[in-house]
Amino acid sequence: MFLNTDSKYIWLNGEFSAWDETKVHMLTHTLHYGMGVFEGVRAYSSSDHHGNIFRLQDHTERLFSAANKIDLKIPFSKDQINSAQIETLLKNNLTEGYIRPIVFLGNESMGLRAKDLSVNVAIACWEWPSYMDPEKKEQGIDIIKSPYNQYENPLYSNNKIIGTYINSIMALQDALRKGADEALLLDKHGNISEGSGENLFIVKNGSLLTPNTDYCLNGITRQSVFEIADSMKLEICESILNIDDLINADEAFFTGTAVEVMPIRSIDNNIIGIGKRGPITEALQTKYSQIVRGEDKHFSHWLTEIN
Ligand code: PMP
């Protein structure tokens, strides 16, 4: 059994199969070489008990764009992949949860020179209320500078390509081993790139600063924070940031579909700001959670109703 979940079905190439019985072959090409793409999407219940998927279209666009960049032709339209995500939630009786679409190559032949492989798509979803300890949403997390650098090639840092995630996992495991909650990866120049699965923001003198996307994923939560900050009349700018900028920040936080808006309490044991969630981080966190739950009509265009 996988996770502690009530989910019962997985969508695979247009059909549902039982959660425990959805199979891929041992020689599935992507299992061996990591050639594939994926997404991480969330659905949230709204106060009227409907569910909505947050920024579904944007996630699907990013999935197709990443697939395109590594020459995978997804054999479904974007509309079909959108509908399939809604159907998978419905089939599993979920109005709230995490959705994982994955595009992978089949097992028709083997080796690096394999060609004419089938392109397959699976969608799973499950309840996943919190990616990290929920108390950290207020306390903040402790992070450390990773010995693993972000990829130099933007193809690998800007896209959710399966094989590239070994770098994030190595960085995260190193951080966890050292007693931290998350890793901070630097780029080849020694500037801040991102977390293992999150974008980083700092707050300095009331303004938000975040690295540009030369060496990090242009996260959808990151993009949302740009618009939310704008609506709150906060200044926001992309900038080269180093570790000293982070140590001397008033506040710092990570963003990501999984972590949402997560305050950072310390970097390499240096306390940042007041050493817990700061007021701007809290305001953004609150606004984000209102938006995803459909409580802010100004941003309702980001929600796709599950029905
Ligand atoms: N960076 C990396 C490496 C990630 O894996 C993620 C999670 N997709 C993010 C940043 C945050 O992206 P998003 O806000 O789109 O989830």
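## Pocket and ligand exercises

The largest pocket has a volume of about 750 Å³, taken as the space filled by probe spheres set on grid points joined across faces, edges and corners. A pocket is an open set of points on a 1 Å grid over the protein atoms alone, where a 1.4 Å probe fits, with protein on both sides within 12 Å along at least five of seven lines; lining residues have an atom within 4 Å of a point. The model is predicted: local features need pLDDT of at least 70, side-chain atom pairs pLDDT 80 or more, while totals for chains, interfaces and linings use all residues. Residues are numbered from 1 along each chain, and side-chain values use heavy atoms, without hydrogens and water.

**Exercise 1.** Describe the lining of the largest pocket.

*Solution.*
- Step 1: 37 residues line the pocket, and Phe38, Lys160, Tyr165, Ser196 and Gly197 are closest to its centre.
- Step 2: α6 gives the largest share, six residues.

**Exercise 2.** Locate the ligand and list the closest residues around it.

*Solution.*
- Step 1: The ligand takes up the space of the largest pocket.
- Step 2: 15 residues surround the ligand (a heavy atom within 4 Å).
- Step 3: Tyr165, Glu194, Ile220, Thr221 and Thr257 are the closest.

**Exercise 3.** Find the polar partners of the ligand's nitrogen and oxygen atoms (N or O pairs within 3.5 Å).

*Solution.*
- Step 1: A side-chain N or O atom of Lys160 is 2.7 Å from a ligand nitrogen.
- Step 2: Glu194 places a polar side-chain atom 2.6 Å from a ligand nitrogen.
- Step 3: For a ligand oxygen, a polar backbone atom of Ile220 lies 2.7 Å away.

Note on methods
A polar contact is a pair of N or O atoms within 3.5 Å; within protein, one must be able to donate a hydrogen and the other to accept it, and residues adjacent in sequence count only if both atoms are side-chain atoms. A molecule sits in a cavity or pocket if more than half of its atoms lie within 2 Å of its grid points. Helices (H or I, at least four residues) and strands (E, at least two) are DSSP runs, numbered from the N terminus.
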